[in-house]
Amino acid sequence: MLLIYSTIIILTFALFCIIVLDNYENIRIRNEEIRLFQTANIVADTYKRNREDIILINTMVKSYGKQANARILILDSEKEVIVDSFNIYVGDKIDNKEIRSSLQGNTKSGTYVLEGRNVLQLSVPIISDIGNEKRIDGAVLISALLEGTFSDVRSLQNTLLQVSTLSLLIALFLTLIAANSLTKPIRSLNHAVEQLSLGHLGYRVKKQGSGEIGKLIDSFNEMSGKLRQIESNRKSFINSISHELKTPLTAIRALIDSLTIGESSIQTYKEYLEDIKQETIRMGQLVDYLLNSIKLEDISLDMTVEDLEDILEDAVKLIRPYAEKNNVSIHVRETESLIIKCDRNKIKEAILNLLDNTVKYKDPVKKQNYIRISIERNRTEARLVIEDNGLGIKRDDLSNIFNRGFRVLDSGIRENSNIEGYGIGLSIVKSIIEKHNWEIFVDSIYGAGSKFIIRVPLR
Ligand code: ADP
């Protein structure tokens, strides 16, 4: 990652330097060209008007040559040097691209490397007006060394190199810090995933940042917490099932032991065998219950058109004797019939489970225990509400009660530790409700009571 960042930064800097240097060099050469063209035009003009006064022309050429820091030659139309500011080529013939072009009436310039030095060479034509015609009498050739320009380019190059190196180092340093702060939370998450895979369920990552990574950390911590909760539910589920299976097994063994010791009458045998039968029935029921709960995920619904009020009535009829035996009164608010499509038996099973819990978790301290049942409806949905004034559920436990194997084993219930259960009932209820694409919610106040709501969409 760092390598990619560094390469991008270096390439960007290099490109930037090349463009800046190239532009600077071009601008400087162009300015030099303009300056020398102006001088060449002045020389050509002065020569045209004073060509007879060769001494004046010589002085003028030398003075402009010095001023422009360049060599100035005046050539006639036969390419012969008439004036040379260095006084060397006078009388010689010179031929080059610039002169040829100027003798055809054009201005021309070019840069060359002569004996290892950069030279700018340009020429302008000397044009005389004869009546209406124009005549090319010769050309002014100027050549100047570009040393100044190139030394300026080199010094700019050095400055840019220094600035670039410094900026590059700062950029790399900042990139390193940024990359580190970006990868740190990912490294922590990676470590946390390793911890989870090693079995440390519930392992949490310290919150770092509030962006996407922060959200990822939150989700991870939530997942980790849920995994721990599921694991602890699983353990307590296995615990309570083992306990429930062990109790009848111990009883059976004790009964068999007492039958094998001593002489028992046939009547005693019969009684003991009846007890053993009852224990095996209890065990059978427990195993059926377990199997049902496990199979529930695969069940298919037998959907028929039903009246929810009718199903509710059936369930209440079944639970009423048990409720009355436990001093819990049931109040069903009068409702109209509600025709829906559902699996009648499964919905009855779910309602029975909820009603069974309301009796099981009644508050023995309260004088009056009651269950209130109602069906509320509007145009889009119906709500079946089952409310009790039982023990209630602590806020922290509310999100867990629908998990398989979860039981509230706090002091409130321990006092009533004779309450039987395996923590499966509500998970079955939830599965049935969700299979119908309905919803179930719970609201409860610890010590005051609970309210279970089944939401049935009507559209
Ligand atoms: P079980 O009743 O076998 O323990 P459930 O899945 O039916 O299992 O219920 C899970 C837990 O939710 C119970 O252990 C109990 O603590 C709590 N609970 C369920 N219904 C009620 C209720 N009506 N009032 C108070 N607590 C309840």
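Let's start with helices α4 and α5. In this predicted model, helix α4 covers residues 147-197 and helix α5 covers residues 212-260. Their axes come within 11 Å and cross at roughly 10 degrees. That makes α4 roughly parallel to α5, since angles under 35 degrees count as such. The crossing of the two is left-handed.

Which residues of α4 meet α5? They are Pro185, Ile186, Leu189, Ala192, Val193 and Leu196. On the α5 side, the partners are Ile213, Leu216, Ile217, Phe220, Met223, Ser224 and Leu227. Sorted by class, this contact has twelve nonpolar residues, one polar residue and no charged ones.

Another helix pair is α7 (residues 308-325) with α8 (residues 344-360). Here the crossing is right-handed. Among the α7 residues in the contact are Leu308, Asp310, Ile311, Asp314 and Tyr322, and α8 brings in residues including Arg344, Ile347, Lys348, Asp356 and Lys360. By class, the contact of α7 with α8 divides into 14 nonpolar, no polar and six charged residues.

| Helix pair | Angle between axes | Axis distance |
|---|---|---|
| α4 and α5 | roughly 10 degrees | within 11 Å |
| α7 and α8 | about 35 degrees | 9 Å |

Now for the strands. An open sheet of five strands runs in the order β2-β1-β5-β4-β3, with antiparallel pairing. β2 (81-84) and β3 (108-114) each have a single partner strand, so they stand at the edges with one side left without a neighbour in the sheet. On average, neighbouring strands of this sheet are turned by 20 degrees against each other, ignoring direction.

Within that sheet, β1 (residues 71-76) pairs with β2 in the antiparallel sense over three bridges. If you want a spot to look at, Ile74 has Val83 in β2 as its bridge partner.

β10 pairs with β9 and with β12, so let's take each in turn.

Strand β9 (residues 369-377) runs antiparallel to β10, and seven bridges join the two. They form a hairpin with three residues between them, and Ser374 stands opposite Val385 in β10. With β12 (residues 449-457), β10 pairs in the antiparallel sense over eight bridges. There, Asp388 stands opposite Ser450 in β12.

Conventions
Residues are numbered from 1 along each chain as its sequence is written. This is a predicted model: local features need pLDDT of at least 70, side-chain atom pairs count only at pLDDT 80 or more; totals for chains, interfaces and linings use all residues. Side-chain values use heavy atoms; hydrogens and water are left out. Axes are lines fitted to C-alpha atoms, for helices over the stretch in contact, and angles run from 0 to 180 degrees between N-to-C directions. Helices (H or I, at least four residues) and strands (E, at least two) are DSSP runs, numbered from the N terminus. Angles under 35 degrees count as roughly parallel, over 145 as roughly antiparallel, 65 to 115 as roughly perpendicular and the rest as oblique. A crossing is left-handed if the near helix is turned anticlockwise from the far one by less than a right angle, and right-handed if clockwise. Contact means heavy atoms within 4.5 Å. Ala, Val, Leu, Ile, Met, Phe, Trp, Tyr, Cys and Pro count as nonpolar, Asp, Glu, Lys and Arg as charged, and the others, Gly among them, as polar.
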